[in-house]
Amino acid sequence: MTARILEGKEFSARIKDEAREAVEQLRADGVIPGLTVIIVGENPASQVYVRNKHKTCEELGIRSEVVALPEDATKDQLLETIDRLNADQNVHGILVQLPLPTAIKAHEQEILERIDPLKDVDGFHPFNVGKLVTGSPTLVPCTPAGCIKMLDLAGIEIDGKRAVIIGRSNIVGKPMLHLLMARHATVTVCHSHTKPLGDVTREADILVAAMGKPKFVTAEMVKPGAVIVDVGINRIAPKKLVGDVDFESVKEIAGAITPVPGGVGLLTVAMLMQNVVRAARLQLGR
Ligand code: NAD
């Protein structure tokens, strides 16, 4: 049996179509949704991500602005920039591209908490995290939200399934837990201290790998027929990206699997566009 390949391109196109329609409605009411991305320093991967976000905004009719601060920008400069954007009515979404340079990395949480929760399109502000955990999600982190949306669009049932997540980060693992639980999956979260990992992952009907370890999940760790969502993005050579899952072996046993590249990464940007629309509506009180 070879798994169904869940192509990010197909699902992201559908998510972007929904966002495009919502943007058109807002524009018809005289509101142009706007996203501002703040990038600090010159991390090449971050520059690619920011360019993709900018391009996708333009494609959908969202006003996009990039504020580039130098590598040696101080925490206060960044906070001042956020304050200015919080007060700007034309800016509906604010996103600080991570990772921050080493010199200000320790202030990451303080910086993210400075963003107006209604403009927090990454969904990382404790207010939005709290909304998610208490069952009234508003602005939800884009990558896990994109994974759920893809499962829905692919017609994959979540209710009553055993789901296992590898990774407990604030960006992927933890929000994924709450999203899957809200959809009535029975969820287990694994992390670097889980032993033995394979015993847990083999129970999964839906396995989400978000650990940042190239090709770590092998066929022996997967239940036959399972749905595999590979969130990992690992650069193993200048032009070679792989996921956390050993795609070649696992696709022979899984029921469905996302590829890397061309899988979850594309959904993240598409969901960001939906979050910009949602943020604009929230600010308009809709
Ligand atoms: P992170 O480093 O913050 O967290 C990694 C998690 O994996 C930790 O909770 C850790 O406990 C767990 N882990 C590490 N080694 C493990 C092991 N041997 N066994 C079990 N658990 C282990 O990473 P993150 O920010 O959550 O990102 C995870 C991966 O997803 C990375 O490759 C990242 O590049 C990718 N990512 C992709 C997207 C996307 O758009 N597709 C978005 C965010 C992150």
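The dialogue below takes up cores, strands, cysteines and peptide bonds in turn.

Guide: This is a predicted model, in which local features need pLDDT of at least 70, side-chain atom pairs count only at pLDDT 80 or more, and totals for chains, interfaces and linings use all residues. Residues are numbered from 1 along each chain as its sequence is written, and side-chain values use heavy atoms, with hydrogens and water left out.

Visitor: Which residues have the most contacts inside the largest nonpolar core?

Guide: A nonpolar core is a set of buried Ala, Val, Leu, Ile, Met, Phe, Trp, Tyr and Cys residues joined through side-chain atoms within 4.5 Å. Buried means under 20% relative accessible area, exposed over 50%, and partly exposed in between, for a 1.4 Å probe and protein chains only. Here the largest core has 54 residues, and Leu35, Leu180 and Val229 have the most contacts inside it. Helix H11 (residues 264-283) supplies the largest share, eleven residues; helices (H or I, at least four residues) and strands (E, at least two) are DSSP runs, numbered from the N terminus.

Visitor: How should I read the two faces of a strand?

Guide: In a regular strand the side chains alternate between the two faces of the sheet. In strand E8 (residues 227-230), Val227 and Val229 on one side and Ile228 and Asp230 on the other are all buried.

Visitor: Which strands pair with E8?

Guide: Two strands pair if DSSP finds at least two bridges between them. Strand E7 (residues 206-209) runs parallel to E8, joined by four bridges, and Leu207 has Ile228 as its bridge partner. Strand E11 (residues 256-257) also pairs with E8 in the parallel sense, over two bridges; there Ile257 stands opposite Ile228.

Visitor: How many disulfides are there?

Guide: A disulfide is a pair of cysteine sulfur atoms within 2.5 Å. The count is zero. The sulfur of Cys57 has its closest cysteine sulfur in Cys142, 11 Å away, which is too far for a bond. Cys57 is buried at 0% relative accessible area, and Cys142 is buried at 4%.

Visitor: Where are the cis peptide bonds?

Guide: One joins Leu98 and Pro99, with omega about 0 degrees; Pro99 is in the loop between strand E4 (93-96) and helix H4 (102-105). Another runs from Val260 to Pro261, with omega near -5 degrees, and Pro261 is in the loop between E11 and H11.
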